[in-house]
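Q: Could you walk me through this structure? I am new to it and would like to go part by part.

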Amino acid sequence: MRVTVERAALLRSLGHVHRVVERRNTIPILSNVLLRCNDGGLELRATDLDIEVTETIAADVVDAGATTVPAHVIYDIVRKLPDGAQVSLETSGETGQMTIRSGRSRFSLGALPEGDFPDLAAGELPTRFVIAASDLKRLIEKTQFAISTEETRYYLNGIYLHTIESEGALRMRAVATDGHRLARVELDAPEGSRDMPGIIVPRKAVAEIIKLVEDGGKSVEIDLSSAKIRFKFASGVVLISKLIDGTFPDYQRVIPSGNDKFLTVERDVFARAVDRVSTISSERGRAVKLAVQEGRLALSVNNPDSGSATEELDVDYDAAALDIGFNARYLLDITSQLEGDTALFKLADPGSPTLIQDREGAAALYVLMPMRV
């Protein structure tokens with residue numbers, strides 16, 4: 001193969017695909033990126049056997065062909081070439097190497113045959129719909145932080161995406177939980193999504209999607225089955241991911257419905273106060289105590305090793321006095337997702353989960369388990 005491509009286009013595309021390649025691989029071909037050129041341009045593809053990212057870019061193709069080279073090495077080479085450079089990629093069948101030329105720079109990389117490169121694209125994907133890129137971004141951004149990292153409960157290691165009838169309308173919901181907190185956001189379901197199965201999109205795929213959706217155009221085409229999902233971005237990038245093979249728990253059971261103590265506080269003021277008092281905490285899991293009574297909220301942290309901190313806020317609250325503790329980091333994570341000027345806490349008692357929203361009836365809601373204080 002012989003092909004010439006602009007450095008900026010090649011770098012952008014390598015940036016999209018090389019991220020899925022693990023730094024350490026027991027299977028050598030999985031460390032490589034597939035380069036295939038033909039009349040349509042230069043196709044780049046990388047996979048870790050769970051996720052595959054493909055993109056085709058414009059290129060001046062002299063001889064069609066394909067090979068695979070180390071993904072992180074070629075990315076670093078192209079990244080260090082000067083802006084505006086033209087990059088020539090060339091392979092010769094005898095040596096099994098790729099030669100990269102740009103200006104006076106010349107690199108030779110070991111290559112592996114493209115016939116050994118795995119293909120994740122096989123299989124039927126019967127459900128198809130188009131979703132606005134902004135909606136997809138919202139579903140992910142509002143729930144991603146609550147994905148569990150506990151590998152033993154693998155079915156929590158992703159975002160549960162499904163449709164549900166709500167008040168006579170079809171809604172699409174994204175849910176994530178790690179057992180300590182739960183995030184749920186919903187929006188009007190895209191046309192064609194009614195019969196989609198409930199699926200769990202893995203954490204690594206979620207992280208790649210949120211990066212690709214930033215410059216992926218105004219809409220995203222999604223094809224899925226119960227085992228795989230494919231995202232086609234308007235920018236030309238295609239991401240295919242296996243789905244988590246497991247059953248997401250009945251999250252509705254942990255969303256409290258009888259919490260009758262309503263606390264409304266200015267979101268930014270509350271978040272800054274939590275951040276300040278939690279400075280005393282030396283451990284991430286240290287609780288911040290919320291002592292709430294009519295019109296007033298006292299935040300406090302006690303650390304036997306480094307001291308204590310308290311701060312008082314004016315709030316809207318007229319129920320019975322209550323003391324409850326929360327993980328400070330979790331409180332900050334949730335308040336950072338709220339969009340309004342206020343945060344509404346629906347409380348029950350010190351041992352029961354608390355519901356947090358922007359306001360009553362908001363499309364995004366969060367459930368936070370208390371800590372003992």
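Q: Let us begin with Val185. Which residue stands opposite Val185 in β25?
A: Val185 stands opposite Ala364 in β25. Please note that this is a predicted model, in which local features need pLDDT of at least 70 and side-chain atom pairs count only at pLDDT 80 or more, while totals for chains, interfaces and linings use all residues. Residues are numbered from 1 along each chain as its sequence is written, and side-chain values use heavy atoms, with hydrogens and water left out.

Q: How many bridges join β13 and β25?
A: Five bridges join β13 and strand β25 (residues 364–368), in the antiparallel sense. Strands are DSSP runs of E with at least two residues, helices are runs of H or I with at least four, and both are numbered from the N terminus. Two strands pair if DSSP finds at least two bridges between them.

Q: Is β13 mostly covered or exposed?
A: Strand β13 (residues 181–188) is mostly covered, with seven of its eight residues buried. Buried means under 20% relative accessible area, exposed over 50%, and partly exposed in between (1.4 Å probe, protein chains only).

Q: What about β12?
A: Strand β12 (residues 169–177) pairs with β13 over seven bridges, in the antiparallel sense. Ala176 has Ala183 of β13 as its bridge partner. Three residues lie between the strands of this hairpin, where Gly179 takes a positive phi near 90°.

Q: Changing topic, what is the strand order in the open sheet of eight strands?
A: The order is β6-β2-β3-β4-β17-β16-β15-β10, with antiparallel pairing.

Q: Why is one side of β6 and of β10 left without a neighbour in the sheet?
A: β6 (65–70) and β10 (127–132) stand at the edges and have a single partner strand each, so one side of each lacks a neighbour in the sheet. From one strand to the next, the twist averages 15°. Such angles run from 0 to 180 degrees between N-to-C directions, with axes fitted as lines to C-alpha atoms, for helices over the stretch in contact.

Q: What does β10 pair with?
A: β10 pairs with strand β15 (residues 219–224) over six bridges, in the antiparallel sense. Arg128 stands opposite Asp223 in β15.

Q: Which strands does helix α1 lie across?
A: Helix α1 (residues 7–18) lies across β2 (32–38), β3 (41–47) and β4 (51–57), and runs at about 165° to β4. Helix α2 (residues 71–80) also packs on the sheet, touching β2 and β6, and its direction makes about 90° with that of β6. Contact here means heavy atoms within 4.5 Å.
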